[in-house]
Amino acid sequence: MCSAVDSRVEASIAHAAETLFARQRSDGSWPNRRPPAVLGTAGAVAALRVADPTRSRELVERGTRWLLSAQNPDGGWGGVAGAPTQLVPTLIAVAALHLNDPEGHREPVRRALELVRSLGGTEALTDPGMAHMARTFLALAGLEELEGSRRIPLELLLLPPRVWRRRLSFRLAPFVAMAFIQARYSPPTGLGRLLHRAARQAGLRALAQVERGENDRGGYGGDNWLVAVVCIGLSCAGAPAATIADAVGYLRSNAREDGSWHIMQGLDLIGGSYVARGLADAGYAHDERLVRARQWLRDCRQVQGFPVYDAPPGGWGWEGPRGWPNFLDSANVLSALAVAGPREPGEPLRRGLRWLESRQDRTGSWGTFVPDTTLPNDGPCPYVTAQAVEVALDCGADPHDPGVRRALDWLLAHQRPDGTYEALWYRGLTPGTAMALVAFGRAGLGDHPVARRARQALLRTQLEDGSWGPGETGTLGDDPSSGTVEETAWALRALLASGVPADDPQVRRAADWILAAQRPDGLWPAGQVCMHIRNFAYYVDGLIVNGLALKALGSYRAARAADDHAELEAR
């Protein structure tokens, strides 16, 4: 049976696939058209003003003009131009403007600072590390004093790495940089002075070790914002001129013509893995163009370890063949590879899965960078844990396999009272709840009381127009009354995976909303759902949204076909 709905779904999928394949590069990857970022731009402006003021004067001026053009009517800034105001981008942007030209930017700075005060100032930042970083940037600009701030114990790096690795995790580089900046603007005294002096070389060695694992010289994490923070720290520490020059050169090379900077330069792998899985779920698993995409993903597997995280070779990271290997990106790539079934070369898939399994926490969960971390922003993460479960099942694991069972037990034990789950790297409660529900459904636990609560949590948070948003997060910039394609696609796929029939009214409304949101070019508009700094700064990814939409529509089409087949069998 073919209905008007079926025809619309088929046409939508075909249109999206046609556009995506037309944009595919010859190596199998896809370009990621990301909008410029406030944090990347403000950080680069401040870093170049501090470390390279003469040569980079024109870049700094262009960057400040872009920041001024991106200021919201309320005086603040969001993650990207025009996005709802968030506190961290606002604090860093106002510091960059005042640092560069206090008199010329008096009025926009005044408006921003009034807004910051109305929002509670840096004290409103619940993450101590981000609060300290924001105060430090304000101090750099002469807008606040660092006196009295808690001293950053750089001497922690004098201990064996196994002691500090779990505590610092992916924040090692900013930890060192902020300690250097603090020592410059609020010099330690007494014992603290001696400890900092002894630890300075350890800090420089740690940054050098991070940089050696990168794709580009000076490209810490492939992240313009992080490179800016490190560049300022190196300048304050009196680091070797060549080291500072590498960071400056990285920032200069990434400046855009309009004066802005992206957040990260190497996010093609993340979005590409979402698109590859989405196209496969939408019926293109064996298309030669998708075979080429999977080859590109396999070639991005890292063949060298990353000592900073004590990570062996074998994982994936957003920067590609080098950079910061992490569990979220590795699970995304494995998901895209595993769906090919017998046509996917077995050994690369098995090696990647073994790498992911080796990074599981002792409790059964997964974080992001370092197993068993004590850094809350690294883990444990319900979303990553649930995705690792789905990947294992895609690769043929049994739900009762020890690693899978431990992960499922962890998820069953860590649901929030309202039935939801968080995700560390996507905003709100929809992504984590949806991913956990998919894992439960795939593992045969769809009728478990925990799964039922997760399903009900999604059903009751659907918006009137059929979409899903972040839910009631209480986070500045999150609008619980407005849905996105990403969050709606996550929820739709999860409901179908957990057994909600395709003809359920809420499922149909969700599918209709996604179909209606498709642009004339066949693709979907990206929402500000990806987290750069947890709960404080978001970014937009133009590939992830299309991969998620295709996954959801592919699941919806398959569920409708299964329902039609069951109806015919019953006749």
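## Thr122 in its loop

Thr122 is buried, because its relative accessibility of 5% falls under the 20% limit. In this predicted model, Thr122 sits in the loop that runs between helix 5 (106–118) and helix 6 (128–140). Setting aside residues up to four places away in sequence, Thr122 is in contact with Leu91, Ala131, Ala134, Arg135, Leu138 and Glu144.

How many of the residues of helix 2 are buried? The count is 11 of 14, so this helix is mostly covered. The buried residues are Val38, Leu39, Gly40, Thr41, Ala42, Gly43, Ala44, Val45, Ala46, Ala47 and Leu48.

## The nonpolar core

The largest nonpolar core contains 195 residues, and the ones with the most contacts inside it are Leu67, Phe137, Leu157, Leu279 and Phe440. Helix 10 (residues 224–237) gives the most to this core, contributing 11 residues.

Apart from its neighbours within four places in sequence, Leu157 is in contact with Trp164, Leu168, Leu172, Phe175, Val176, Ala202, Gly203 and Ala206.

## Salt bridges toward the outside

The structure holds 31 salt bridges. One of them pairs Arg106 with Glu103, where the closest N and O atoms are 2.5 Å apart. Is Glu103 buried or exposed? At 56% relative accessibility, Glu103 counts as exposed, while Arg106 is partly exposed at 49%.

Another salt bridge joins Asp409 and Arg405, with 2.9 Å from N to O. Both residues belong to helix 17 (residues 402–413) and lie 4 residues apart, about one turn of the helix. An α-helix has 3.6 residues a turn, so residues three or four places apart point the same way. Asp409 is partly exposed at 39% relative accessibility, and Arg405 is also partly exposed, with a relative accessible area of 25%.

Salt bridges that share partners also build a network, which joins Arg277, Asp281, Glu390, Asp394, Arg442 and Arg493.

## Inside the network

Arg277 and Glu390 are both buried.

Where does Arg493 lie? Its place is in helix 20 (residues 485–497). With a relative accessible area of 12%, Arg493 is buried, because that value is under 20%. Not counting residues up to four places away in sequence, Arg493 touches Arg277, Asp281, Glu390, Met435, Val438, Lys551, Ala552 and Ser555. Among these contacts, Arg277, Asp281 and Glu390 also belong to the salt-bridge network with Arg493.

Conventions:
Residues are numbered from 1 along each chain as its sequence is written. This is a predicted model: local features need pLDDT of at least 70, side-chain atom pairs count only at pLDDT 80 or more; totals for chains, interfaces and linings use all residues. Side-chain values use heavy atoms; hydrogens and water are left out. A salt bridge is a side-chain nitrogen of Lys or Arg within 4 Å of a carboxyl oxygen of Asp or Glu. Buried means under 20% relative accessible area, exposed over 50%, partly exposed in between (1.4 Å probe, protein chains only). Helices (H or I, at least four residues) and strands (E, at least two) are DSSP runs, numbered from the N terminus. A nonpolar core is a set of buried Ala, Val, Leu, Ile, Met, Phe, Trp, Tyr and Cys residues joined through side-chain atoms within 4.5 Å. Contact means heavy atoms within 4.5 Å.
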